Amino acid sequence: NTGIKHAKGDYVAFLDDDDTFEPEKLALQVSALEEAGDDVGFSFTGAYEIHDDYTNQKHTKEGVANYHELALRNFNAMIASTLMFRREVFEKVGYLDETFPTHTDIEFLIRVTKEYKGVGLDKALVRRMMQSGHTQMGSNIKNRIRGREMLLGRYHNEFEKHPTFLAKHLSLLGKFYRTLGDYNSAKRVFREALKIGRAHV
């Protein structure tokens, strides 16, 4: 947020400290946003995911669309380091919510996609470092649980409109609890996910 508030340009791009841009990334996204209508507030791209012994190319949606359902359905659909926003987006929807221990970019995207369309570029324009032993903010399982619970709580009404999305996110939350060794919470969340899933088969 400090960087966003001090930025002078018309566009703001995110870059995590452990990722890198391909040389043409910014130019391609600026061009895409300049060609798009005023209802398009952001751009995102594909990425290379660099692991210990292989590199995976993550594809993404292409073109101008309403991406709100995508933001609700798949929290990994738009990687933070691929995102670029028009400056006025922050003036309209606000800044990132620093009370979230994780899922900060996802929470912000849910707000943004309610107000603006986006333009996707299905080109791998970011290199995302995912090697073993690499520490990331989201690696703390307790923070991931808290962040996801905060997100599902804040947008409860949104997720109620998409019960299959909610069941999926609860299932992953249950796996987080299981990994932590909190089996009672895992069972509770799995039951809730199963109940929602059965009701909307």
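**Close-up 1. Helix H6 (residues 141-154) beside helix H8 (residues 163-180) in this predicted model.** The two axes, lines fitted to C-alpha atoms over the stretch in contact, come within 10 Å and cross at roughly 155°. That makes H6 roughly antiparallel to H8 (angles over 145 degrees count as such). H6 passes H8 in a left-handed crossing, with the near helix turned anticlockwise from the far one by less than a right angle. Contact means heavy atoms within 4.5 Å; on the H6 side, the residues include Ile141, Ile145 and Leu152, and they meet H8 residues including Leu166, Leu173 and Phe176. This contact divides into 10 nonpolar, one polar and four charged residues.

**Close-up 2. H8 again, now with helix H9 (residues 183-199).** Here the axes come within 8 Å and cross at roughly 165°, and the two helices are therefore roughly antiparallel. The crossing of H8 past H9 is left-handed. Among the contributors are Ala167, Leu170 and Gly174 of H8, and Ala186, Val189 and Ala193 of H9. By class, 12 residues are nonpolar, four polar and four charged.

**Close-up 3. The lining of the largest cavity.** Take a look at Ala71, Asn74, Phe75, Ala77, Met78, Ile106 and Leu109, which line this space. Six of the lining residues are nonpolar, one is polar and none is charged.

**Notes.** Residues are numbered from 1 along each chain as its sequence is written, and side-chain values use heavy atoms, without hydrogens or water. Because the model is predicted, local features need pLDDT of at least 70 and side-chain atom pairs count only at pLDDT 80 or more, while totals for chains, interfaces and linings use all residues.

Methods. On a 1 Å grid over the protein atoms alone, a cavity is a set of points where a 1.4 Å probe fits but cannot get out, and a pocket is an open set with protein on both sides within 12 Å along at least five of seven lines; lining residues have an atom within 4 Å of a point. Ala, Val, Leu, Ile, Met, Phe, Trp, Tyr, Cys and Pro count as nonpolar, Asp, Glu, Lys and Arg as charged, and the others, Gly among them, as polar. Axes are lines fitted to C-alpha atoms, for helices over the stretch in contact, and angles run from 0 to 180 degrees between N-to-C directions. Helices (H or I, at least four residues) and strands (E, at least two) are DSSP runs, numbered from the N terminus. Angles under 35 degrees count as roughly parallel, over 145 as roughly antiparallel, 65 to 115 as roughly perpendicular and the rest as oblique.
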